[in-house]
Amino acid sequence: GLVTNNVNGFPTRPGAFQTSFGGGVSDAVISKFDEMGNDLIFSTYMGGLGDDQPHSLVVNSMNELLVLGRTDASNFPTAGSPFDNSKSGRNDAFVAKFSSSGNLLASTFFGGSGEDASNGSPDRSNYSPTKYNYGDDARGEVIVDENDNVWIACPTQSPAFNHVNAFQFTYAGSQDGLIAKFNSDLSSVLFSSYLGGTGIDAIHGIKQDLNGDIIVVGGTTSRDLRTSSNAHERVFQGGSADGFIAKINVSTNQLMNLTYVG
């Protein structure tokens, strides 16, 4: 997954979902090569009249491609039976699923009233304690579980989310982490929650462990994260930001463990 800025002429393939630039600032472009990198199997634009960025890719058990990104385009292409077919804030997260041959099977917005899938400001000259380097605003990750449910994790600045089975329903600071679980066709959210304190919190990565529980990692300025009693570091260590690691029980949707790392 790449970003292309305000141009036509990117090498798409016949039958591509979107063969021309969608307008606005930038489009996502998704390209699949053979295992040797010699043959371009499919290649397509994906975007609307705005700024569209892919942040993370993963392939499920059926060789379908899942893409997580963000968009501020109201006409970003949705497909299938999307959980949400309209944009809610300035930038929303999007999740999309392509077949192995490049057909768009499903696509949905996911967002609240503020910035979603943005770590700090999308303005590349505006930095924050969890945004140190160029591109750090474009953080988040998508994975699939053994049932091909789709999990995403990213930052959010939306104080009003209709969370499902959350361990934290309330927006706590100026930016929280966001975790969500979709069914395989992106038509339903099975679980979603904030994770954050009264400072700035950003989830950067997500993984499933051997027990099926979910691990998330990120950065924080919050002194009041809900650390566990046996945490490696229960207290914020100082400086502008610490890392954190958290584990979520997928059976109960509860926060099992959390530690600072700093």
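This is a predicted model: local features need pLDDT of at least 70, side-chain atom pairs count only at pLDDT 80 or more; totals for chains, interfaces and linings use all residues.
**Exercise 1.** Determine in what order the strands of the open four-stranded sheet are arranged, and which strands form its edges.

*Solution.* First, the order of the strands in this open sheet is 12-13-14-15, and their pairing is antiparallel. Next, an edge strand pairs on one side only, which is the case for strand 12 (201–208) and strand 15 (254–261). Finally, the angle between neighbouring strands of the sheet averages 20°, with direction ignored.

**Exercise 2.** Describe the pairing of strand 13 with strand 14.

*Solution.* Strand 13 comprises residues 214–220, and strand 14 comprises residues 242–249. The two strands are joined by seven bridges in the antiparallel sense. Within this pairing, Gly-219 is placed opposite Gly-243 of strand 14.

**Exercise 3.** State how many salt bridges the model contains, and examine the one between Arg-70 and Asp-137.

*Solution.* The count is five salt bridges. In one of them, the side chains of Arg-70 and Asp-137 meet at 2.5 Å, N to O. Arg-70 belongs to strand 5 (residues 65–71), while Asp-137 lies in the loop between strand 7 (104–110) and strand 8 (141–144), so the contact ties together parts 67 residues apart in sequence. The last step concerns accessibility, where the cut-off for a buried residue is under 20% relative accessible area. Arg-70 has 2% and is therefore buried; Asp-137, with 4%, is buried as well.

**Exercise 4.** Classify each partner of the salt bridge between Asp-136 and Arg-139 as buried, partly exposed or exposed.

*Solution.* The side chains of Asp-136 and Arg-139 meet at 3.3 Å, N to O. Asp-136 has a relative accessible area of 9% and is therefore buried. For Arg-139 the value is 28%, so this residue counts as partly exposed.

**Exercise 5.** Locate the salt bridge between Lys-247 and Asp-209, and classify both residues by accessibility.

*Solution.* The closest N and O atoms of Lys-247 and Asp-209 are 3.4 Å apart. Lys-247 is part of strand 14, whereas Asp-209 is found in the loop between strand 12 and strand 13. The pair links distant parts of the chain, 38 residues apart. At 23% relative accessibility, Lys-247 is partly exposed. Asp-209, with a relative accessible area of 21%, is also partly exposed.

Notes:
Residues are numbered from 1 along each chain as its sequence is written. Side-chain values use heavy atoms; hydrogens and water are left out. Two strands pair if DSSP finds at least two bridges between them. Axes are lines fitted to C-alpha atoms, for helices over the stretch in contact, and angles run from 0 to 180 degrees between N-to-C directions. A salt bridge is a side-chain nitrogen of Lys or Arg within 4 Å of a carboxyl oxygen of Asp or Glu. Buried means under 20% relative accessible area, exposed over 50%, partly exposed in between (1.4 Å probe, protein chains only).
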